[in-house]
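Me: Hi! I'm new to this one and would like to look through it with you. Could you help me find my way around?

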Amino acid sequence: MKKKKKTQSRIERKHFYLFILPWIIGFLAFVLIPMIMSLCMSFTKWDLLTEPTWVGFKNYIRAFTEDPLFYQSLKVTFVYSLFSVPLGLIASLTVALLLNQITRSVKFFRTIYYLPVIVSGVAMMVLWAYIFNPQMGLLNQILKMFGINGPGWIYDSKWAMPSLIIMSLWNIGGTVIIWLAGLSGVDEQLYESARLDGASRWQQFINITLPTLSPTIFFNLVNGVIGALQTFNQAYIMTDGGPKNSTLFFNFYLWKKAFKDFEMGYASALAWVLFVIIMILTLLVFKWSSMWVYYESEGE
């Protein structure tokens, strides 16, 4: 009997490794090995055409001491993240709360809000480039109806960043669905008890909804920060980092160094700097979360 169990467990173990083998191969081939290679490459000078030359920490020293665009790209990325992430969280939560009140056609409205998420990134950028066009764009045409001369939007260095922050709201549909999933887990009895005690809607939101949604807030916050720090398409398709480097996102600057200037070693160093920044910020959010994230199992 014991031999049969051992044989069965071995077969199950073999099946387990067989089923996860495609993931292991993919992880090794497309994640781990490229990361190790890029780390080694960050200590070299390589133009893709000649043999790489070992330069040690010169690429990192150059980034922090000699390259002004390095700091400009970091500034642009942090400013964008600082405004787009909270704005996206607030807007998506507001929409989710409104959708949660709807009893009819809720699936229809959820689909409507989620549709922009599945639209091709290139198509979305082209659409918004037309909307932001100073002469023929939809936004300025609407402003003209009220006698207002609209700004240059993405073609003006002062308005380019606010334009992209506004555009980031286009993709809140995915976050809305996550909020709705979190809202479905709020115990209705808590609201009933609060109403019997005379609590207002705002008090119910602050004392019941937000604490219960804290794990969802944490999840959306981490995803939002990581996504914002890796912004690339907007600069690549719409602005080319301009005007006057006002939308020179770090990821786009990294790409330019790698595939336009053929400084693959320096670009690899920039990639690792970004990786460390994302890792530190994520760890800080995780550390901070222990102060405000409430899990239901903790209260049991």
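This is a predicted model: local features need pLDDT of at least 70, side-chain atom pairs count only at pLDDT 80 or more; totals for chains, interfaces and linings use all residues.

Me: Which residue does the side chain of R195 meet in a salt bridge?
Reply: Its partner is E188, and the N to O distance is 3.5 Å. E188 also counts as partly exposed, with 43% relative accessibility.

Me: How many salt bridges does the count come to?
Reply: The count comes to 5. One of them joins the side chains of E263 and R62, at 2.5 Å from N to O.

Me: What about the accessibility of E263?
Reply: E263 has a relative accessible area of 24%, so it is partly exposed. R62 is partly exposed too, with a value of 25%. Buried would need a value under 20%.

Me: Which residue does K257 meet in a salt bridge?
Reply: The side chain of K257 meets that of D261, with 3.4 Å from N to O. K257 is buried, at 11% relative accessibility, whereas D261 is partly exposed, with a relative accessible area of 41%. Through shared partners, salt bridges join R62, K257, D261 and E263 into one network.

Me: New topic: where is G241?
Reply: G241 is in the loop between α11 (233-239) and α12 (250-259). This glycine is buried, with a relative accessible area of 1%.

Me: And what is G241 in contact with, leaving aside its neighbours within four places in sequence?
Reply: G241 is in contact with A235, S246, T247, L248 and F252.

Me: How far apart are G241 and K256?
Reply: In sequence they are 15 residues apart, and in space the C-alpha to C-alpha separation is 9.9 Å.

Me: Let's move to the helix pair α10 and α13. At what angle do they pack?
Reply: Helix α10 (residues 201-229) packs with α13 at an angle of about 165°, and their axes are 10 Å apart. That makes α10 roughly antiparallel to α13.

Me: Is the crossing left-handed or right-handed?
Reply: The crossing of α10 past α13 is right-handed.

Me: Which residues make the contact?
Reply: From α10 the contact is made by F218, L221, V222, I226 and L229. On the α13 side, the residues are L274, I278, L281, T282, V285, F286, W288 and S289.

Me: How do those divide into nonpolar, polar and charged?
Reply: The contact of α10 with α13 has 11 nonpolar residues, 2 polar and no charged.

How values were computed
Residues are numbered from 1 along each chain as its sequence is written. Side-chain values use heavy atoms; hydrogens and water are left out. Helices (H or I, at least four residues) and strands (E, at least two) are DSSP runs, numbered from the N terminus. Buried means under 20% relative accessible area, exposed over 50%, partly exposed in between (1.4 Å probe, protein chains only). Contact means heavy atoms within 4.5 Å. A salt bridge is a side-chain nitrogen of Lys or Arg within 4 Å of a carboxyl oxygen of Asp or Glu. Axes are lines fitted to C-alpha atoms, for helices over the stretch in contact, and angles run from 0 to 180 degrees between N-to-C directions. Angles under 35 degrees count as roughly parallel, over 145 as roughly antiparallel, 65 to 115 as roughly perpendicular and the rest as oblique. A crossing is left-handed if the near helix is turned anticlockwise from the far one by less than a right angle, and right-handed if clockwise. Ala, Val, Leu, Ile, Met, Phe, Trp, Tyr, Cys and Pro count as nonpolar, Asp, Glu, Lys and Arg as charged, and the others, Gly among them, as polar.
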